Amino acid sequence: MSDNEATTESLYEPPPESNDITEKARFFYPKLLDIQQKGHYTYRRTLASASRHRVTTVDPANGEKREMLMFASNNYLGLSTHPRVVEAAKKAVVDYGYGTGSVALLSGTSDVHRRLEQKIAEFYRCESAVVFPTGYQANVGTIQAMLGAGDVAISDMYAHASLIDGVKLSEGSLKYFQHNDMAHLEQTIKRASRFFKGKLITVDGVFSMDGDIAPLADIQKLAKAYGASVLVDEAHAIGMIGATGRGSAEHFGLDGQVDLTIGTLSKAPSGIGGYLTGKAEIVEYVRHFARSYIFSTSIPVSVAAGLIEVFDIIEHDADLRNRLRSNVDYLLAGFHKLGFHTFGSSTAIIPVLIADDIKLRKVCKALHERGIFATPVTFPAVAKGRSRIRFSVMATHTREELDTLLNAMSELKQTFDLT
Ligand SMILES: Cc1ncc(COP(=O)(O)O)c(C=O)c1O
């Protein structure tokens, strides 16, 4: 092993038992420094530009600015710099100022926030919607509000952390089913019916680390058969799947039929915030009982104004959605041709398996040196042995840029003997 190779295998090794609560930090810190000093730390790189398909970064090695190709942004449709979105946000910041100064239930709701909630409800063919400060808070708050003592959330084991954390904040219990395994879901619901009252099945519409799609039609059938409710998190599905970009419910012909539809306003919508949409009675219940909504300040009006444009663009700009689809298909086909494993993804999240964590960091460092911004994902975000580079595709990537990535990965496959 050469000098500049980090020796730390994982930042997330369990610390030794201790009565001192700060011991875990003393255990962790040298590992972090080792990885950073050897130039293998590719988290939290600094951007000095908007998060477009091409970005300016500040190089951690020498502090110099450099252009890079971005393959790690959830701004899938490139909407964060769309002229209509930026114009609406600029106007709102002049008219309404910079922050809202309050939680939404007190004085933090403007007419623009109300229009955004109405727009979201209409977009999903639902009665009503509530906008939270973040997508994380939308999941946590909704589940905490809905799940009472004696109830159970039955979660896909790859569902987003916020769906799990919501259960921890609730009085309910949590059971997992194997990823996208309908036979195991049925078995888990049957068993849960013996021990619990209310049952809530929770899934990502498009899974955030694998990029594959939950079989929502089958999930709905099972839910009906066993008297369960369904919560789908459309965070990575909006703008990506469904004939008009409405996400997994539209993809499966279930518009307006899912009990609880959640999403974030931070991925394809490219702002900040989260939402729950569904029946008015459920939305209003959550609005008044979700602690993450009640006790946290509303999103800036400028962002809400930009998001109103965003929903309009997603709905009507088929060309933008088609460009994303075609870039996804091109990159997936390219990776498959090179023999990479992409975890069954069919969306803008394209994970490439590199199970060995040290090799993974070396590949990410080599990509960085080639001007490609991509991020590694390791335990605890994914299971041990399933580490990966999580590439994100944007509608605005050119074919040439996609080829640059494919060529780099082809070369690194040889260099690092990636299988
Ligand atoms: C599936 C999923 N749900 C929720 C969230 C949280 O959204 P936000 O970043 O808007 O808080 C994320 C973000 O990582 C996600 O991937």
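Leaving aside residues up to four places away in sequence, Met 146 touches Leu 200 and Val 286; contact here means C-beta atoms, placed from the backbone, within 7 Å of each other. What you have on the screen is a predicted model, where local features need pLDDT of at least 70, side-chain atom pairs count only at pLDDT 80 or more, and totals for chains, interfaces and linings use all residues. Residues are numbered from 1 along each chain as its sequence is written.

Back to Met 146. This residue lies in helix H4. Helices (H or I, at least four residues) and strands (E, at least two) are DSSP runs, numbered from the N terminus. Met 146 is buried, because 24 other C-beta atoms lie within 10 Å. The cut-offs are these: with C-beta atoms placed from the backbone, a residue is buried if 20 or more others lie within 10 Å of its own, exposed if 12 or fewer, and partly exposed in between. Gly 172 is 26 residues away from Met 146 along the chain, and their C-alpha atoms are separated by 9.1 Å.

Helix H4, residues 135–146, also matters for the ligand shell: three residues of that shell come from H4, the largest share. Which residues come nearest to the ligand? Of the 14 around it, they are Gly 135, Tyr 136, Ser 208, Ala 235 and Thr 264. A residue counts as near when its C-beta atom, placed from the backbone, lies within 6 Å of the molecule. By class, the shell has ten polar, two nonpolar and two charged residues. In this scheme Ala, Val, Leu, Ile, Met, Phe, Trp, Tyr, Cys and Pro are nonpolar, Asp, Glu, Lys and Arg are charged, and the others, Gly among them, are polar.

Next, helix H5, residues 161–169. Its buried residues are Ser 162, Leu 163, Gly 166 and Val 167. Why do they sit on the same side of H5? Because they cover an arc of only 150° around the axis, the arc being that of the directions from the helix axis to the C-beta atoms.

Now strand E4, residues 128–132. Four of its five residues are buried, so E4 is largely enclosed by the rest of the structure. E4 pairs with strand E10, residues 274–278, in the antiparallel sense over five bridges; strands pair if DSSP finds at least two bridges between them. Ala 129 stands opposite Thr 277 in E10.

On to the domains. The assignment, which comes from an automatic or database source, gives domain 1 as 26–70 + 318–415 and domain 2 as 83–316. Their C-alpha centres lie 27 Å apart. How many residues does each domain put into the contact? Domain 1 gives 16 residues and domain 2 gives 13. On the domain 1 side, helix H12 (318–337) and strand E11 (349–353) each supply at least two residues. That side divides into ten nonpolar, four polar and two charged residues.

Two hairpins come next. Strand E1, residues 46–47, pairs with strand E2, residues 54–58, in the antiparallel sense over two bridges. Leu 47 stands opposite Thr 57 in E2, and six residues lie between E1 and E2 in their hairpin. E2 then pairs with strand E3, residues 65–70, again antiparallel, over five bridges. Here Val 55 faces Met 68 in E3. The hairpin of E2 and E3 has six residues between the strands, and Gly 63 in the turn has a positive phi of about 75°.

I finish with some backbone points. Phe 343 is not a glycine, and its phi is positive, near 60°. Phe 343 lies in the loop between H12 and E11. Is Phe 343 buried or exposed? Phe 343 is buried, because 21 other C-beta atoms lie within 10 Å. Asp 417 has a positive phi of about 50°, also without being a glycine. Asp 417 is in the segment after helix H14 (399–415), and it is exposed, because 8 other C-beta atoms lie within 10 Å. Lastly, Phe 379 and Pro 380 are joined by a cis peptide bond, with omega about 10°. Pro 380 is in the loop between strand E13 (375–377) and strand E14 (388–392).

Note on methods
Contact = placed C-beta atoms within 7 Å.
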